[in-house]
Amino acid sequence: MKPIQKILIANRGEIAVRVIRTAKKMGIKTVAVYSDPDAQSLFVRSADEAFSLGGTDARSSYLNVEKVIQACMETGADAVHPGYGFLSENTDFAKKLEKQGIRFIGPKPHSIEAMGDKIGSRLLVAKNGVPVVPGYEGASQEMSVFKKEAEKIGYPIMAKASAGGGGKGMRRINTPEELEPGILSAKRESLSAFGDDRILLEKYITNPRHVEFQIFGDSQGNIIHLHERDCSLQRRHQKVVEETPAPSYNSDLKTKMSQAAVMAAKAVQYEGAGTVEFILGESGEFYFLEMNTRLQVEHPVTEMTTGLDLVEWQIRVCQGEPLPQLQTPPQKGHALEVRIYAEDPKEGFLPSTGKIHHLSFPKRDYLRIDSGVVSGSEITMFYDPMIAKMIVWGEDRITAIHRLIECLSETIVFGPKTNLQFLQKLVSAKEFAEGKVSTHYIADHEPALLANNTKEELKLAFAGAFFTSKESSNPWLSETT
């Protein structure tokens with residue numbers, strides 16, 4: 001297959017900057033597409049070319065399939081990298097690109113379609129030997145059927161949007177009295193977010209952890225995993241902290257889960273980067289949650305512990321090349337990622353808009369910053385208010401946590417309010433250091449996490465950590481994005 005000459009990045013912000021970085025390293029030209037509010041953004045200035053989509057909100061720009069394809073035609077881009085979010089899991093978009101002879105740097109449309117339907121994907125992976133949470137995914141959406149099936153499953157249960165993801169269209173239902181209002185609420189949100197109000201029911205697993213596996217496949221039929229990530233610290237089903245290797249986790253369990261992840265990917269003849277997500281119970285039982293058919297926000301922790309460039313792997317696979325490695329590579333050390341947002345934790349984490357007058361991060365050989373903003377950038381109301389992803393590496397988990405606390409404390413943002421102190425409190429918690437958290441840890445401890453603390457108090461909260469500063473040969477540790 002002919003090598004890719006020019007990649008259009010159908011995204012914005014830090015992931016667009018991230019893709020441009022690897023493309024430049026590979027000698028591939030890049031095109032940024034942008035909306036009116038993003039005209040002066042870092043990712044636009046970083047690309048070789050830029051094409052205006054017009055509009056202000058996502059629907060009139062980054063989610064407009066026809067405009068993005070027109071940009072490809074006018075700039076001569078022969079491939080599109082969708083990043084994550086926006087059109088990254090849009091089957092119609094992938095098919096239209098294919099029809100125009102433009103390569104989609106991602107899985108084939110049939111894989112996106114199969115895993116995009118939560119009901120269909122559950123049935124598919126279960127058929128292929130992957131454990132799924134007990135539940136109901138039948139065709140009937142009648143309330144009487146939901147009531148009968150809920151009794152069979154047993155409370156508490158989770159109502160989930162069939163077409164959804166990202167925490168939208170999900171409701172925990174604890175009693176029969178909560179069933180009807182919970183399902184109707186989930187249906188409304190699902191219809192608004194995805195244009196589809198179908199709901200499935202699942203048994204709610206108490207004190208669960210969220211563990212996912214990075215998988216990669218190629219057009220020759222090779223599929224491997226690149227280790228797990230623990231994403232248990234979440235707020236309203238949105239990941240807040242991600243790390244690898246997963247804490248409190250044994251090799252036998254990892255073997256079983258990694259095999260299940262690869263089986264799920266093989267069920268759809270998967271090509272490219274994907275993530276198979278599981279719910280892990282207190283007794284070691286695990287169940288398929290979903291498969292994200294794209295690169296994940298948290299992919300840097302995998303890169304930091306393996307030394308790989310997953311975007312480069314995506315591009316090579318898209319060019320028809322076999323996987324650069326056909327065996328799971330070893331991991332070195334431990335990596336954690338947090339997402340720094342312009343938001344006000346004291347006001348329900350509402351986005352905080354405005355100009356970033358000054359932004360600076362500490363410089364360390366074990367620190368990586370992925371960001372799409374700089375001093376002078378504007379946080380607008382139109383898009384996700386992420387300022388940066390902070391990723392740190394350590395020889396072991398305790399070292400990595402200590403380094404993360406230090407780096408957060410030395411980060412400076414003048415302008416919008418941020419979640420910096422909230423993140424410091426969170427990763428300083430004793431339960432986190434011990435690896436004893438679940439997906440509802442933040443909800444259970446929110447008042448304490450939102451209390452004001454001095455820098456000294458935050459340090460004392462993690463007095464048991466120790467600090468080392470050995471050099472590493474990992475290529476991601478010597479530079480930042």
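This is a predicted model: local features need pLDDT of at least 70, side-chain atom pairs count only at pLDDT 80 or more; totals for chains, interfaces and linings use all residues.
Residues are numbered from 1 along each chain as its sequence is written, and side-chain values use heavy atoms, with hydrogens and water left out.

Let me begin near the start of the chain. There we find an open sheet of five strands in the order S3-S2-S1-S4-S5, with parallel pairing; the strands and helices I name are DSSP runs, with at least two residues (E) for a strand and at least four (H or I) for a helix, numbered from the N terminus, and two strands pair if DSSP finds at least two bridges between them. At the edges are strand S3 (49–52) and strand S5 (103–104), each of which pairs on one side only. Helix H1, residues 13–25, packs on this sheet and touches S1, strand S2 (29–34) and S4, and its direction makes about 170° with that of S1. A contact here means heavy atoms within 4.5 Å, and the angles, which run from 0 to 180 degrees, are taken between N-to-C directions of lines fitted to C-alpha atoms, for helices over the stretch in contact. Helix H3, residues 65–75, lies across S1, S2, S3 and S4 and runs at about 155° to S1. Within the sheet, three bridges join S1 (residues 6–9) to S4 (residues 79–81), which run parallel, and isoleucine 7 stands opposite alanine 79 in S4.

Now to the aromatic rings. The structure holds nine aromatic pairs, where rings of Phe, Tyr and Trp (its six-membered ring) pair if their centres lie within 6.5 Å, with planes under 30 degrees apart called stacked, over 60 edge-to-face and the rest tilted. One of them joins tyrosine 62 and phenylalanine 86, which are stacked at 5.1 Å centre to centre with 25° between the planes. Tyrosine 62 lies in the loop between S3 and H3, and phenylalanine 86 in the loop between S4 and helix H4 (91–99), so this pair ties together parts that are 24 residues apart in sequence. Tyrosine 62 is buried, at a relative accessible area of 1%, whereas phenylalanine 86, at 29%, counts as partly exposed; the cut-offs are under 20% for buried and over 50% for exposed, with partly exposed in between, using a 1.4 Å probe and protein chains only. Ring pairs also link Tyr62 and Phe86 with Phe382 and Tyr383 into a cluster.

S10 pairs with S15 in the antiparallel sense over nine bridges, in which glutamate 212 has glutamate 277 as its bridge partner. Six bridges join S10 to strand S11 (residues 223–230), again antiparallel, and the two form a hairpin with five residues between them, where glycine 221 in the turn has a positive phi of about 95°.

Finally, the charged side chains. Counting a side-chain nitrogen of Lys or Arg within 4 Å of a carboxyl oxygen of Asp or Glu as a salt bridge, the total comes to 40. Glutamate 202 and arginine 122 meet in one of these, at 3.1 Å from N to O, and the pair links strand S9 (residues 199–203) to helix H6 (residues 118–127), 80 residues apart. Both glutamate 202 and arginine 122 are buried. By contrast, lysine 152 and glutamate 149, whose closest N and O atoms are 3.5 Å apart, are three residues apart in helix H7 (residues 143–153) and are therefore separated by about one helical turn.
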